[in-house]
Amino acid sequence: MRKDDSLEFLRGVASIVVMFWHTLLGFAPSASGIFANGPANSLQTSFVFVALNGQSAVYLFFVLSSFVLLKRYFASRKIGDLLLATAKRLPRLAGPVLVTVLLSCLIFRQELYFFQDAGTQTGSPWLANFAFASKPLTPETANFSDALAQGAWRTFIFGDSYYDTSLWTMWFEFWGSLMVFALAPAIFFVHDRIPLLSWCVLAIGVFLAWLVNFVLVAFPVGLSLHLLLASKFRPNAWTRLALVAVSLALLGYAGNAVGIYRPFAVLEVGGLPENARRAYTAILGSVMLIYAVVASQSPPSWLTGKAARFFGDLSFPLYLVHVPVICSLGSWVLLTSGSAAFGAAAAMLGSVLTALPLMAFNNWWIAALRVLFDRFRRIDTVAAAETAHI
């Protein structure tokens, strides 16, 4: 099924926001609002924070994944499409992840990480501790067999991510995907018969996700986009514009009622933790933004075409490589030049350049998996046809 250019554009922008966020944490930690100076003395007080709030951008990734993964099945209602998507999910993610983890292991072994000294200089505990890695690594303790296991399966099954801490999302991405694959048949079956009741089934799915981990709520909520788009209602241009404006305001919220977000203090009344406030607000904002984009019958030209597809192709590779680049090249430039600004610029430019060959590999990997799994799809189609003639 052809990719939606506008969704690819959103995915690309989200990956850039995550890169901006981690660059801010590493090279201008006081502006992030999560360290000693506090959110009230940071960029969290301004609407501009929507361009830096990588924590919200991750939830946009999750909601997008849930919606996109089920587009084929929602259109075909063929269980074979769902089974193939389920079987393909782990290898699809593992290919570029494995390459990145092995690269990070090589950087460790060659002693090309400079994050400790750089973090001390900028005053960033995030940078000094390799982006808050759960397990400290050294040139002696980093080994390729461990990296191979982590990149191939452990980061997805158990959540290991100490070679590249951005991979903490892969556990949620993998298990969240399986969750929506399991929920989709029940939700769509009910929707085809009693549309209103499908929202009840969806609510049950959201509750089950919440019981496991509140972050996983993003995945069943992403299914709601299919139910919304299946209705005959379509918002007009002004309504879509309002949805975009509100969604961006929500995505800029970091869980703290400071600056322009003082009215959000109402969310603190029930004692909801900061991370949960941020998560639920970001999930709602993500659904609103995606719906506003896909509900448009004629999206603007900058949301379609080669540029949008390029952003989409770059998104996953950029997401994977930017932390290792920040902790190696960016940190080295900072220490050499004595300038945090130069270090940040080198980190961002280096991340984009490093992502380009990984993007080429990722595109090849996706095409190879598509050929392989389309072969299974054809076999299934032929078998079904032969059964129908018996």
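Helix α7, which covers residues 144-157 of this predicted model, has 14 residues and reaches 19 Å from its first C-alpha to its last, close to the 20 Å expected at 1.5 Å a residue (the expected span being 1.5 Å times one less than the number of residues; helices are DSSP runs of H or I with at least four residues, numbered from the N terminus). A kink of about 55° is centred on Gln-150, the bend at a residue being the angle between axes fitted to the seven residues ending there and the seven starting there. Gln-150 is also one of the buried residues of α7, together with Asp-146, Ala-147, Ala-149, Gly-151, Thr-155 and Phe-156 (buried meaning under 20% relative accessible area with a 1.4 Å probe, protein chains only). The cover over these buried residues includes α4 (79-109) and α8 (168-193).

Just after α7, Gly-159 takes a positive phi of about 90°, and Ser-161 is found in the loop between α7 and α8. Ser-161 counts as buried because its relative accessibility is 11%; with residues up to four places away in sequence left out, Ser-161 touches Gln-150, Thr-155, Leu-167 and Trp-168 (contact meaning heavy atoms within 4.5 Å).

The protein chain as a whole holds 14 helices and zero strands, and buried residues make up 51% of its 390 residues. Among contacts between residues at least 6 apart in sequence, 77% join residues at least 24 apart.

Residues are numbered from 1 along each chain as its sequence is written, and side-chain values use heavy atoms, with hydrogens and water left out. As the model is predicted, local features need pLDDT of at least 70 and side-chain atom pairs count only at pLDDT 80 or more, whereas totals for chains, interfaces and linings use all residues.

Terms used. Helix = DSSP H or I, 4+ residues; strand = E, 2+ residues; numbered from the N terminus. Buried < 20%, exposed > 50% of the residue type's maximum accessible area, 1.4 Å probe, protein only.
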